[in-house]
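Please consult the sequence and the model below alongside the text.

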Amino acid sequence: MNRLIHIGFGNIVNTSKIIAIVSPDSAPVKRMVQKAKENGTAIDATQGRKTKAVLVMESSQIVLSALLPETIAGRAQGTLSDEDAIENE
């Protein structure tokens, strides 16, 4: 069964479709996000907050999240519960 994780503000993604979870700070990732926005393949799940993580999905879509990559990775691996992660935000 596919596992779903919360990536902030009521948004949920399928963990089996995630290829990478990266920080948006490097120039190559910024270019990738800009290109995805231009192509319409970016999904902004930040609710207007600062983007802290970029999820690269199997379908070549990019999901932007306001949660830290470590928080999302912990949830994907099952080491963090949602309550623990909310306290860390």
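**Structural briefing**

Strands E1 and E2 pair in the antiparallel sense over 4 bridges; strands pair if DSSP finds at least two bridges between them. Helices (H or I, at least four residues) and strands (E, at least two) are DSSP runs, numbered from the N terminus. This is a predicted model, in which local features need pLDDT of at least 70 and side-chain atom pairs count only at pLDDT 80 or more, while totals for chains, interfaces and linings use all residues. Residues are numbered from 1 along each chain as its sequence is written, and side-chain values use heavy atoms, with hydrogens and water left out.

**The E1-E2 hairpin**

- E1 and E2 form a hairpin with 2 residues between them, and histidine 6 stands opposite isoleucine 12 in E2.
- Phenylalanine 9, in the turn of this hairpin, has a positive phi of about 55°.
- Asparagine 11 lies in strand E2 and, with a relative accessible area of 22%, is partly exposed. The classes are buried (under 20% relative accessible area), exposed (over 50%) and partly exposed (in between), computed with a 1.4 Å probe on protein chains only.
- Leaving aside neighbours within four places in sequence, asparagine 11 is in contact with Ile5, His6, Ala45 and Gln47, contact being defined as heavy atoms within 4.5 Å.
- A polar atom of the asparagine 11 side chain lies 3.4 Å from the backbone oxygen of alanine 45.
- Asparagine 11 and glutamine 47 are separated by 36 residues in sequence and by 9.9 Å in space, C-alpha to C-alpha.

- An open sheet of 4 strands has the order E3-E5-E6-E4, with mixed pairing.
- E3 and E4 are the edge strands, each pairing on one side only.
- From one strand to the next, the twist averages 20°. Axes are lines fitted to C-alpha atoms, for helices over the stretch in contact, and angles run from 0 to 180 degrees between N-to-C directions.
- E3 and E5 run antiparallel and are joined by 4 bridges; isoleucine 18 stands opposite methionine 57 in E5.
- Helix H1 (residues 27-39) packs on the sheet, where it touches E3, E4, E5 and E6, and its direction makes about 110° with that of E6.
- Helix H2 (residues 69-77) also packs on the sheet, touching E3, E5 and E6, and its direction makes about 145° with that of E3.
- The buried residues of H2 are Pro69, Thr71, Ile72, Gly74 and Arg75. Glycine 78, which follows H2, has a positive phi near 80°.

**Nonpolar cores**

- In soluble globular proteins, nonpolar side chains tend to be buried together.
- The largest nonpolar core has 11 residues, among them Ile5, Ile7, Val13, Ile18, Ala45 and Ile72. Such a core is a set of buried Ala, Val, Leu, Ile, Met, Phe, Trp, Tyr and Cys residues joined through side-chain atoms within 4.5 Å.
- A second, separate core has 7 residues, including Val29, Val33, Ala36 and Ile62.

**Salt bridge**

- A search of the whole structure finds 1 salt bridge, defined as a side-chain nitrogen of Lys or Arg within 4 Å of a carboxyl oxygen of Asp or Glu.
- The partners are lysine 17 and glutamate 58, whose closest N and O atoms are 3.7 Å apart.
- This pair links distant parts of the chain, 41 residues apart: lysine 17 is in the loop between strand E2 (11-14) and strand E3 (18-22), and glutamate 58 is in the loop between E5 and E6.
- Lysine 17 counts as partly exposed at 39% relative accessibility, and glutamate 58 is partly exposed at 48%.

**Positive phi in loops**

- Most residues other than glycine have a negative phi.
- Glutamine 47, although not a glycine, has a positive phi of about 55°. Glutamine 47 lies in the loop between strand E4 (42-44) and E5 and counts as exposed because its relative accessibility is 51%.
- Serine 60 is likewise not a glycine and has a positive phi of about 70°. Serine 60 is found in the loop between E5 and strand E6 (62-65) and counts as exposed at 55% relative accessibility.

How values were computed. A polar contact is a pair of N or O atoms within 3.5 Å; within protein, one must be able to donate a hydrogen and the other to accept it, and residues adjacent in sequence count only if both atoms are side-chain atoms.
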